[in-house]
Amino acid sequence: MANSFSYVFPAIRGVQAGREYYVSMCPLRLLAKLFEFDNEELMPELRAQRTLNRARVPDIARYIVINADSYTFSAITASIDGAVSFEPVAQDNVINFRMGTLTVDMHARFIVNDGQHRRAAIEQALQEAPELADETIAVVFFLDRGLERCQQMFADLNRHAVKPSSSLGILYDHRSAAANVARHLSLTSKVFHNLIESERSSLSGRSRKLFTLSALHFAILEMLSEKELEDFTASSKKCLEYWEAVAAQFPEWRYVREGKMTAGEVRQDFIHSHAIVLQALGRAGKFVYQENSGDLAQTLSKLREIDWSRKNIETWEGRAMIGGRMSKSSQNITLTCNEIKRVLGLALAVEEQDVETAFLAVRTAPKQSTRGLK
């Protein structure tokens, strides 16, 4: 080590499972130079990391650039395949013994065990925002003990990783304009107040909540354009007006607020409080404002003409339900919105008409007889 060039990192030494590891800070400008991607051309059995999903990188890079004054990243984990030495500040006490400098031979390889997408995104972001080059990210260094150990590290690091629910992510996301409007409505609108599940993205049969925050969020995204969402006050007012007019057509929603029905009973018997219908109503709302300058309440009163019962198989099977179960696919959202627009007297867009035509063709196609087949 003394006879070769080396990398020197200020570091803290720790011990896990009887093995030393080190925590340091790395300037963003050095990430691409120091940390390598595992050979993506090798078979999975011979790699220590999954292949890089390059489609994810631009979104993460954009997040850094747009939020240059508030972005947050967790530490990158890397294995060092090469000679290292640690020199403590002093040995007079435990703290000084753990703090010091980590010296790594310049011929050593740094292989990312966790954080390869962050590393690639940072490299891309620096092309647009070079002023971030001297900012730092935490790095946890382990000593490379072979392919099997690196593969096990990857498995262990991801073993208990659980992505938060969509509703919880929206609740805590203060950058998203639609999330801000959804949270505001859940707290201030009499339609949604105390009826929104803000932590989970699915509702159990015993839940007292009628909607999830994620369902309301996606309904708002369907209803309002990005430009409209930039004006929080105007978009909140528009949503409040629309959803109160919609809620007036569903007495069951009011019954839940008044304690005359349980949320579970409404979800079990009707489809209008499920996420797919809420999203379809949001999409229909966009066209209501675009094409109808009349009285909003009068226009939406036609929603009462729809039989929202789950037993109405003739209308909803294949459109909002598949085999009697609610389906949230994009095609089912479109088909559900088509039915709502038809009742409201709104014309279908070309894409919506294509989906409707294909759906009706399948529904009316004669079923092939299997009599006599062996």
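This is a predicted model: local features need pLDDT of at least 70, side-chain atom pairs count only at pLDDT 80 or more; totals for chains, interfaces and linings use all residues.

β4 covers residues 76-81, and five of its six residues are buried, so the strand is largely enclosed by the rest of the structure. Which way does β4 run relative to β8, parallel or antiparallel? The two run parallel, and five bridges join β4 to β8, residues 136-143. β4 also pairs with β7, residues 109-114; here the strands run antiparallel, again with five bridges. Within that pairing, Ser79 has Ile111 of β7 as its bridge partner. As for β7, five of its six residues are buried, so this strand too is largely enclosed by the rest of the structure. As a reminder, in a regular strand the side chains alternate between the two faces of the sheet.

Next, helix α4, residues 116-128. With 13 residues at 1.5 Å a residue, α4 should span 18 Å, and the C-alpha atoms at its ends are 19 Å apart, which agrees. The buried residues of α4 are Gln116, His117, Arg118, Arg119, Ala120, Ala121, Ile122, Ala125 and Leu126. Note that His117, Arg118 and Arg119 are on that list.

On to helix packing. Two packed helices are described by the angle between their axes and the distance between the axes. I have two pairs to show.

On the α7 side the contact includes Ala178, Val181, Ala182 and Leu185, and on the α8 side it includes Leu213, Leu216, His217 and Ile220.

In the second pair, α13 (residues 275-291) and α16 (residues 330-344) pack at about 50°, with 8 Å between their axes. This makes α13 oblique to α16. α13 passes α16 in a right-handed crossing. Among the contact residues are Ile276, Leu281, Phe287 and Val288 from α13, and Ile333, Cys337, Ile340 and Leu344 from α16.

Val266 lies in helix α12, residues 263-269. Its relative accessible area is 0%, so Val266 is buried. What does Val266 touch, leaving out residues up to four places away in sequence? The list is Leu210, Glu252, Val256, Met261, His272 and Ser273. Lys302 is 36 residues from Val266 along the chain, and their C-alpha atoms are separated by 20 Å.

Last, the backbone. Most residues other than glycine have a negative phi. Ala17 has a phi near 55°, which is positive in a residue other than glycine. Where is Ala17? Ala17 sits in the loop between β1 (6-16) and β2 (19-27). With a relative accessible area of 71%, Ala17 is exposed. Asn194 also has a positive phi, near 70°. Asn194 is in the loop between α7 and β9 (196-197). Its relative accessibility is 53%, so Asn194 counts as exposed, the cut-off being over 50%.

That's the tour. I'll take questions.

How values were computed
Residues are numbered from 1 along each chain as its sequence is written. Side-chain values use heavy atoms; hydrogens and water are left out. Helices (H or I, at least four residues) and strands (E, at least two) are DSSP runs, numbered from the N terminus. The expected span of a helix is 1.5 Å times one less than its number of residues. Buried means under 20% relative accessible area, exposed over 50%, partly exposed in between (1.4 Å probe, protein chains only). Two strands pair if DSSP finds at least two bridges between them. Contact means heavy atoms within 4.5 Å. Axes are lines fitted to C-alpha atoms, for helices over the stretch in contact, and angles run from 0 to 180 degrees between N-to-C directions. Angles under 35 degrees count as roughly parallel, over 145 as roughly antiparallel, 65 to 115 as roughly perpendicular and the rest as oblique. A crossing is left-handed if the near helix is turned anticlockwise from the far one by less than a right angle, and right-handed if clockwise.
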